[in-house]
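Please read them with the coordinates open.

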Amino acid sequence: MDASTRAISPTLEDAGKLGTQFEIDVGGMTCASCSNRVERALRKVPGVLEASVNLATEVASVQVAADSPTDIDDVVGAIVAAGYEASERRAQDESGAAQTAAPGMPTWVPVAIAALLSLPLAAPMVLQPLGISFTLPPLWQWLLATPVQFVLGARFYVAGWRALKAGAGNMDQLVALGTSAAYGLSVYQWLGKGAGHGAHLYFEASAVVITLVMLGKWLEVRAKHKTVAAIRALQALRPEVATVLRQGVEQTVALARVRLGDILVVRPGERIPTDGEIRDGATHVDESLLTGESDPVSKRPGDPVTGGAVNGEGRIEVEVGAVGSETVLSRIIRMVEDAQAKKAPIQRLVDRVSAVFVPVVLLAALATLLGWGLGQGDWTVATLNAVAVLVIACPCALGLATPTAIMAGTGVAARHGILIKDAEALELAHRIGVVAFDKTGTLTVGRPLLVAVEAVPGADSDRLIAAIAGIQGGSEHPLARAVTEYATQHQLTPLQARSVQAVAGRGVVGVVAGETMVIGNQALMKESGIDVGAFSDRIAALEADGRTVSFIGVAGDQPMAVGLLAFGDELKPTAAQGVSALRAMGVRTVLLTGDNAGAARRVGAALGIDEVRARVLPEMKAAAIAALGAGGKVVAMVGDGINDAPALAAADVGIAMSTGTDVAMHTAGITLMRGDPALVADAISISRQTYRKIRQNLFWAFIYNVIGIPLAAAGLLNPVVAGAAMAMSSVSVVSNALLLRRWRPVQREVSAGAAPSHSVAIDTEVA
């Protein structure tokens, strides 16, 4: 097992000392307070040492002491008693992906139905400023509002009741109380005064509030499901079957039936089923899931290989060294799951205020009812004044404050190539103090380029390139493509080659103009009897600078080296702009890469990055992110590869390039659709603007309550005026949120004098 495999392997204590660990599927959770409530209920169970609830995966992990009689039924019962659904975690299939239930009604359907029912109710209010005045008959209003209130809005009553039983306040209670007050007052006004006596009805307020809050909840559910998709994408890297060589016969078996010591046959283009060691054959293997580097790694007998990596051009036989949960890929999956579980959702300002606001409003309404009823003896007036308190406190603007700003912010960001997939990332990004970048594919293009050609005296470098391009014209190897692209750019016509033969893991041999030419690494040169000692000083300088070096030799009676090729990567044109913009915003930049120190230093110096860390493997990246966040700093990780997934999940804000892997995009909260590093500064800028709007919106939402509730309690504000104030607060909030459309990208301010593209180093042998 190689060093990277050992590094990812966690050190476990004796299972007997830890006791038993249960994993429970939990249903019915809607917010972070729900997961916290489940954790508190579990920790009260006798014998429970630790309980952690992952809201994203809806799984509770419970550690029970070894000497405790508590079993899984006790744990499930505690969750059910807390008001949630619970069952032992569903079994996983042979590929490791959890079995999922058949999909039911699409989650957007209730939101759409609520919107269709609420639109006719809101139309008179919307059209009135345009000079169009009409009113729906009270019966029609009641028929439209009732299903929204009690059928589609039933979830708020249920969630609010659960929070009440737990002694907590939340937005669900505010929605249930406020909309019930508006709905109840409307029914009272309608039935008490009759349809023809100018009754003031508030059915539209109750229906529209429920619809808008349902929309916000739906967006949160979508974000949660996208978080789970990261783990599913990782699990999809496991092949479902493997070809096992037993008694000289190849057999196709399920991956779960593969055992330690089995010999697996892996053909070109197939994924390696599990970790092991090559026993026969040579090839190149794409190990980007570990290193993040795009170039295949040469593999020969005795070399380790990792499950999930893609075999290149050679047939190989692999002896299985790890199976199931002990493979590197499985451990990476666990790292992503753990990072997501430990990263608690941000506690929203609205929820914190709501915990105090709900009981204050209830006490104010009760005091108003009793004060007027007992003091004046007119319980009708007392009831109307108490309802006015609840109407002015109806969280219409409060419910709009965050979602309208988030929708406006994410909308304008999307128009500029920034996909923000959850509100948590948008809210946290405004506090980012450190941005950590991956190198290959993030700051660089991610593919090798031929950056230097050196020939011995008397040899024509252009002819050498033309000959090599002829030999490698049909190859798909990244370095071969770099040579052919170089030849095309320099208008060099490839020479005709024959007897071309690829030497797996070493290079290629071909005959051009009667000469047998050898192109490859030092191992191939040595096997061909070609001495490359004349280039020793140049080789040392290039490799110290992080270059990848290939040699050109001529075989025959007098074999000799005639030249060398140096390959490098290319910085993205906007990388320098992006780093410069971040520094102007006061954000510190760090480079975390699995590449060698020479390549990392070149990139850091070219871009002006504050700190450079090289040879950083996946689990080291996650640890580095944790260290960068010491002292409460908010850290963002920018990456594009599978190897970046643990770090993206561990960071406060994960930012992925759309040009990278699906796993990286699923794990990250923000995706840069153009793969442009300059968009990182833009993402922080739009987050800062959006968070500022959220705070402003909350001010407008509460200022009406602060002023209106005392007036309503004093009998100076009747329900009609209270409803108007409530509507005005909503208009204020929406208008303020729409100002976000004026936002413009940061990089336009620093685009002048943008740095040109640079060639930088790559390393094809990082493992």
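1. Basis. This is a predicted model: local features need pLDDT of at least 70, side-chain atom pairs count only at pLDDT 80 or more, and totals for chains, interfaces and linings use all residues. Residues are numbered from 1 along each chain as its sequence is written, and side-chain values use heavy atoms, with hydrogens and water left out.

2. Threonine 442. Look in the loop between strand E15 (432-437) and strand E16 (449-455); threonine 442 is there. Helices (H or I, at least four residues) and strands (E, at least two) are DSSP runs, numbered from the N terminus. Threonine 442 counts as buried because its relative accessibility is 0%. The cut-offs are under 20% relative accessible area for buried, over 50% for exposed, and partly exposed in between (1.4 Å probe, protein chains only). Leaving aside residues up to four places away in sequence, threonine 442 touches Phe437, Lys572, Val638, Gly639, Asp640, Met657 and Pro677. Contact here means heavy atoms within 4.5 Å.

3. Aspartate 438. The side chain of aspartate 438 makes a polar contact of 3.5 Å with that of threonine 442. Such a contact is a pair of N or O atoms within 3.5 Å; within protein, one must be able to donate a hydrogen and the other to accept it, and residues adjacent in sequence count only if both atoms are side-chain atoms. Aspartate 438 also forms a salt bridge with lysine 621, with the closest N and O atoms 3.1 Å apart. This pair links distant parts of the chain: aspartate 438 lies in the loop between E15 and E16, lysine 621 in helix H22 (residues 618-628), 183 residues apart. Both aspartate 438 and lysine 621 are buried.

4. Other salt bridges. The structure holds 14. The criterion is a side-chain nitrogen of Lys or Arg within 4 Å of a carboxyl oxygen of Asp or Glu. Arginine 43 and glutamate 39 form one at 3.6 Å, N to O. They are 4 residues apart in helix H3 (residues 32-43), so about one helical turn separates them. Arginine 43 is partly exposed at 43%, whereas glutamate 39 is buried at 14%. Glutamate 277 and arginine 279 meet at 2.4 Å, N to O. Glutamate 277 is partly exposed at 26%, and arginine 279 is partly exposed at 42%. Salt bridges also link Glu250, Arg267, Arg315 and Glu317 in a network.

5. Open sheet. Which order do the 3 strands take? The order is E10-E9-E12, with antiparallel pairing. Strand E10 (297-299) and strand E12 (310-311) are at the edges with a single partner strand each, so one side of each has no neighbour in the sheet. Two strands pair if DSSP finds at least two bridges between them. Strand E9 (residues 283-286) is joined to E10 by 3 bridges. Threonine 283 has lysine 299 in E10 as its bridge partner.

6. Helix pair. The axes of helix H6 (residues 138-152) and helix H7 (residues 154-165) come within 4 Å and cross at roughly 35°. Axes are lines fitted to C-alpha atoms, for helices over the stretch in contact, and angles run from 0 to 180 degrees between N-to-C directions. Gln149, Phe150, Val151 and Leu152 of H6 meet Ala154, Arg155 and Tyr157 of H7.

7. Glycine 321. This residue sits in the loop between strand E13 (316-320) and helix H11 (328-342). Glycine 321 is partly exposed at 42%. Its C-alpha atom is 4.3 Å from that of glycine 276, 45 residues apart along the chain.
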